[in-house]
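Here's a quick briefing to read alongside the model on your screen. Take a look at the structure, then work through the points below.

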Amino acid sequence: MTKHQLLDEAFAIGSNFGNDSLRKIRKIENKLADYLKESGSDPQINDVLCVLKIFADENEHSDFEASQETATPIFDRLLHTDLWDFYDIRIMVTVFDYVGTYEQVSDCAKEILQRLEEYSYKECYTTIKISVHMNILFRLLRARYFDLEDMDDPAELKKIEDIFLAHFDSIMDICKDGSFPVYKIVATIRKGILFKDSKLMEEGFKALKKLNQHEAYRVFEDEAKEFERYSGYDVSRRRFNVMVGHNIRRERISCGLTIDDVAKILDMSIAALGLMERGDRGQTSYNLARLADAFGVSVGVFYNDVGDVPGATSVNRRKNAQIHKLEALAEGLSESELEHIVLITENLAKLRSNRGAS
């Protein structure tokens, strides 16, 4: 197979919902790896392998944070590349909704559509165009429920809603002749989620059932539940993350586990877990399920509101982060090293006390 035939096969996986998606991803990954062995390094093939990793993470774990980390370097590279070919555009369509602010993503969507106009791939043009619009609907939902510090900021919500409706209308226009029925239904479900319109969501899910789109139904039902759960909290995402992180740390300590122990369970770095426990990084439902299993508790324990969470306010946040960092470092030190640190800390406290007295 030629390089472009391999890339076409890779991108075709992203638009399919089915239990065999992971099998298809692994199969094309092996083909691309063989191509690299025969032909040598190819940045575009490497980017597509990252795109396949995003497909796998989303399919298997719904892990937005992992996909975000994978997408960021590709996004940065393509933004600084003047000449995009057709496959660079397809790569960008996949990664652009995982990075940047919603306004940056909106601008990027315009650029993708403009660059797409320059190519004459008419057989794929409409599919890719609708994918751009669909991806930005998803990104705007995340902005609405995850990115905003103040979830009820009227000005920001208005911006999000206006951009959302513009792309929603574009999808409806593309689908007006009856083509792409699943995209039309999913766009309607996402509109229902954004505007908290249960009737729109119910109509969308009924339509998916009628089309026998059972896998799509499952995927977007999970998506709807995720956003609905967050919309039910009258707190910013920051406070919610701190609250859940606080509960994770409490349960970890209760079980006698170190940060290193739990990092190994989640297959993530100690630094990343530290961010999660401090509330500086979100938590996926997949990771919370693994933690619940490891701690022997129900997932609901992590959502318990603990009231005035330490670190939830900007006043306490920096101090709490530093204390947490010291605790994480201390767990990896020997007894003699800890004694030295305690001695240094005591001397610093004495110096501060003497300065205050003078």
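Phe180 counts as partly exposed, because its relative accessibility is 23% (buried means under 20% relative accessible area, exposed over 50%, partly exposed in between, with a 1.4 Å probe and protein chains only). This is a predicted model, where local features need pLDDT of at least 70, side-chain atom pairs count only at pLDDT 80 or more, and totals for chains, interfaces and linings use all residues. Residues are numbered from 1 along each chain as its sequence is written, and side-chain values use heavy atoms, with hydrogens and water left out.

**Loop residues with a positive phi**

- You'll find Phe180 in the loop between helix H8 (154-174) and H9; helices are DSSP runs of H or I with at least four residues, strands are E runs of at least two, and both are numbered from the N terminus.
- Most residues other than glycine have a negative phi.
- Phe180 isn't a glycine, yet its phi is positive, near 50°.
- Asn212 is another residue other than glycine with a positive phi, this one near 60°.
- Asn212 sits in the loop between H10 and helix H11 (214-231).
- Is Asn212 buried or exposed? Its relative accessibility is 54%, so Asn212 counts as exposed.

**The whole protein**

- The protein has 17 helices and zero strands.
- Out of 358 residues in the protein, 43% are buried.
- Take the contacts (heavy atoms within 4.5 Å) with a separation of 6 or more: residues 24 or more positions apart account for 67% of them.

**H9 against H10**

- Helix H9 (residues 181-194) and helix H10 (residues 198-210) have axes that come within 7 Å and cross at roughly 155°; axes are lines fitted to C-alpha atoms, for helices over the stretch in contact, and angles run from 0 to 180 degrees between N-to-C directions.
- H9 and H10 are therefore roughly antiparallel to each other (under 35 degrees counts as roughly parallel, over 145 as roughly antiparallel, 65 to 115 as roughly perpendicular and the rest as oblique).
- The crossing of H9 past H10 is left-handed, a label used if the near helix is turned anticlockwise from the far one by less than a right angle, with clockwise giving right-handed.
- On the H9 side, the contact is made by Val182, Ile185, Thr188, Ile189, Lys191, Gly192 and Ile193, while H10 brings Leu200, Met201, Gly204, Phe205, Ala207 and Leu208.
- Sorted by class, the contact of H9 with H10 has nine nonpolar, three polar and one charged residues; Ala, Val, Leu, Ile, Met, Phe, Trp, Tyr, Cys and Pro count as nonpolar, Asp, Glu, Lys and Arg as charged, and the others, Gly among them, as polar.

**H5 against H6**

- The axes of helix H5 (residues 86-95) and helix H6 (residues 102-117) come within 10 Å, crossing at roughly 155°.
- That angle makes H5 roughly antiparallel to H6.
- H5 also passes H6 in a left-handed crossing.
- Phe86, Ile89, Met92 and Val93 of H5 meet Cys108, Ile112, Arg115 and Leu116 of H6.
- This contact of H5 with H6 has seven nonpolar residues, no polar ones and one charged.

**Zooming in on Leu116**

- Leu116 belongs to helix H6, and it counts as buried because its relative accessibility is 1%.
- Leaving aside neighbours within four places in sequence, Leu116 is in contact with Phe86, Ile89, Tyr125, Ile128 and Lys129.
- How many residues apart in sequence are Leu116 and Ile89? They are 27 residues apart in sequence, and 7.1 Å apart in space, C-alpha to C-alpha.

**H13 against H14**

- Helix H13 (residues 259-266) packs with H14 at an angle of about 100°, their axes 9 Å apart.
- H13 and H14 are therefore roughly perpendicular to each other.
- Here Ile259, Asp260, Val262, Ala263 and Leu266 of H13 meet Ile270, Leu273, Met276 and Glu277 of H14.
- By class, the contact of H13 with H14 has seven nonpolar, no polar and two charged residues.
- Helix H14 (residues 270-278) has Ala272, Leu273, Gly274, Met276, Glu277 and Arg278 as its buried residues.

**A buried Asp**

- Asp47 is part of helix H3 (residues 43-61).
- Asp47 counts as buried because its relative accessibility is 8%.
- Not counting residues up to four places away in sequence, Asp47 touches Ile74, Arg77 and Ile91.
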